[in-house]
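Work through the exercises below with the sequence and the 3D structure at hand.

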Amino acid sequence: MMDDFFFSLLLAGISVGAVYALIALGLNLTFWTTKTMNFGQGSLMMLCAMLTVFLSSQGLAMALAVIGSLLVVAAFGVFIERWTVRPALQASGGSMGWVVSTLGFGIFLQGVAAKYFGSQAVAFPDVVFTAQDFVTVFGQYVSLQYLVVLAVAVALILALELFVRKTVWGQAVHAVSLDPELALVQGIPVRLLVLGSFMLSSALAGVAGVLIAQIGGTVDPAFGFDLVLLGFVAAVLGGMGSSMGALAGGLLVGILSKLVGGYVSTAAEHGIAFALLMLALALRPQGLFGRPEVSKA
Amino acid sequence: MLELQGLTVRYGAVQALEGVSLQAGAGGITAILGANGAGKSSLMRAVSGIAPVTAGRILLDGQDITALPAAERARLGIAHAMEGRRLFRQLTVEDNLKLAWSFGARTAPLAASLAETYARFPILKEKARIAAGLLSGGQQQMVILSCTTIRSPRCLLLDEPSLGLAPIIVQQIYAFITDYAARSGIIVVIAEQMAALALRVSSHGLVLRRGRAVLQGSSAELLHGHDGKTLAASYL
């Protein structure tokens, strides 16, 4: 019986961990090109889920509703780069303004959503499987929704890892993160890559939003905010910029917080993630898969 | 032919370059000389498109490129080895070369271009899989030079290629540059603090002082000129 409990916690941990990994991946993407992160990602998760609910309630097929919402959210990525990140990076006397401006834009989106969709939680429709669909693994019921989340996260992470390691464009993205000016004089279309990274990052947030709204069954304007914090912990734990690190960090945070939540107290669920973050920063600041700076004068 | 007409570069309140004109022909080396802060790097950066040009024009083979963004100029064939030994330190030597080739003119296939580079600098083949930031200064300079030549450029800008290197390495680097300039017949512009060195290999020289062109002429004349003092004086 104890084992069943442990197993179900583990499974829930892996599933939410996969979502944290997706969020971490989204944060990594913009970190690659600009060394910035969109802390308003949580609102994009919410927006994408809300839009999906809205569009499907208008009679649109589920797949179309999701794709349409993802496109809208990706367009928001362009807006965020142009109006919250770029001005902050160009402002003189400090380059950390983007932390506040991206977060601020997220809060703004949250407010707009509360005004037009209402601040009540709305039921989220089933995208691929319903909450009643399950398979049996080792005598345990495993929700198919959990498995979809995990499969999507792993597939996206593998795809990005392959893109970065094996294609010249992936190398170019890496180059932009290392030295944007040098990338520019080498003919790499830096602006295009930066915009692309923000679009893709926002779309990833949208995917994570739809996936987790499906598991929770509801979505409200405040949805996503604390998830981004945990995604950030996952990204730092795994090593900023590393896709494999995002996956490992996400799973670690997810599993640990669920286990602590199950055996100790649900109140400690989120706290433990930040304790882990502090520990990691003290012991291994470059993260599990991060590489320390290479340099020689 | 690279032509600058009354080029002015301004960073906020700081005037880095003022009304500088220059004609750098293909098939020879043009030397840009001057003390620290004279505007050599600003001139180079203006040509490759990463310095703010507030007045004047830049023409490459007659085409006005003053308004073109940097990445587009790179695609037109301008290759710039920036000052301060700039390369992607975390990437391996080979990845640096591959990247430079990928976004260059690609006139020769990658394998052939790499083979040619390694034949010229065998040490780079040995270090191909090592992060470029871990190489010695001279080896890094070889990577940087190779990254520009592997792009098959039309116009090569080299900013202080000798800076901080041992004399023997400087000789090797300069031997490569002169040989490459003669072989390729492209436009080569070198900014140097070591005037005598640059004037020996160049055909034409421009001396900058506080952002203004103070002397211009054939390198032989600048080096051995009727009054040997002119060049030295412009440094003061």
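**Exercise 1: the nonpolar core**

The largest nonpolar core has 157 residues, and V19(A), A21(A), L22(A) and A49(A) are the ones that touch the most other members. The model is a predicted one. Find which helix of chain A gives the most to this core, and list what A21(A) touches.

Solution. Step one: helix α1 (residues 2-34) of chain A gives the most to the core, with 15 residues. Step two: leaving out residues up to four places away in sequence, A21(A) touches A153(A), I157(A), A234(A), A246(A), L247(A), G250(A) and L251(A). As background, nonpolar side chains tend to be buried together in soluble globular proteins.

**Exercise 2: the overall form of chain A**

Decide what the radius of gyration of chain A says when set against a compact globule of 297 residues.

Solution. Step one: list the elements; chain A holds 11 helices and 4 strands. Step two: along the principal axes, its C-alpha atoms fill a box of roughly 60 × 45 × 35 Å. Step three: for 297 residues a compact globule would have a radius of gyration near 19 Å, and chain A has 19 Å, so the value agrees with the rule. Step four: of the 297 residues in chain A, 48% are buried. Step five: take the contacts in chain A between residues at least 6 apart in sequence; 74% of them join residues at least 24 apart.

**Exercise 3: where chain A touches chain B**

Work out how many residues of each chain are in contact with the other, and which helix of chain A gives the most.

Solution. Step one: 19 residues of chain A are in contact with 22 residues of chain B. Step two: on the side of chain A that touches chain B, α6 (168-178) and α7 (180-185) of chain A each supply at least two residues. Step three: α6(A) gives the most to this side, with 6 residues. Step four: by type, the residues of this side of chain A are 11 nonpolar, 5 polar and 3 charged.

**Exercise 4: a strand and a helix of chain B**

Solution. Step three: β3(B) pairs in the parallel sense with strand β8 (residues 187-192) of chain B over 5 bridges, where I32(B) has A191(B) as its bridge partner. Step four: β3(B) also pairs in the parallel sense with strand β9 (residues 204-209) of chain B, over 4 bridges, and V207(B) of β9(B) stands opposite L33(B). K40(B), R45(B) and S48(B) are among the buried residues of α1(B).

**Exercise 5: a hairpin in chain B**

Describe how strands β1 (residues 2-11) and β2 (residues 14-24) of chain B are joined.

Solution. Step one: the two strands run antiparallel and are joined by 7 bridges. Step two: E3(B) has Q23(B) in β2(B) as its bridge partner. Step three: β1(B) and β2(B) form a hairpin with 2 residues between them, and G12(B) in the turn has a positive phi of about 60°.

Key: Residues numbered from 1 in each chain as written. Chains lettered and ligands numbered in written order. Predicted model: local features only at pLDDT ≥ 70, side-chain atom pairs only at ≥ 80, totals over all residues. Contact = placed C-beta atoms within 7 Å. Nonpolar A, V, L, I, M, F, W, Y, C, P; charged D, E, K, R; others polar. Buried ≥ 20, exposed ≤ 12 C-beta atoms within 10 Å, placed from the backbone. Rg over C-alpha atoms; globule rule 2.2 N^0.38 Å. Pairing = 2+ DSSP bridges. Core = buried A, V, L, I, M, F, W, Y, C linked by C-beta atoms within 7 Å.
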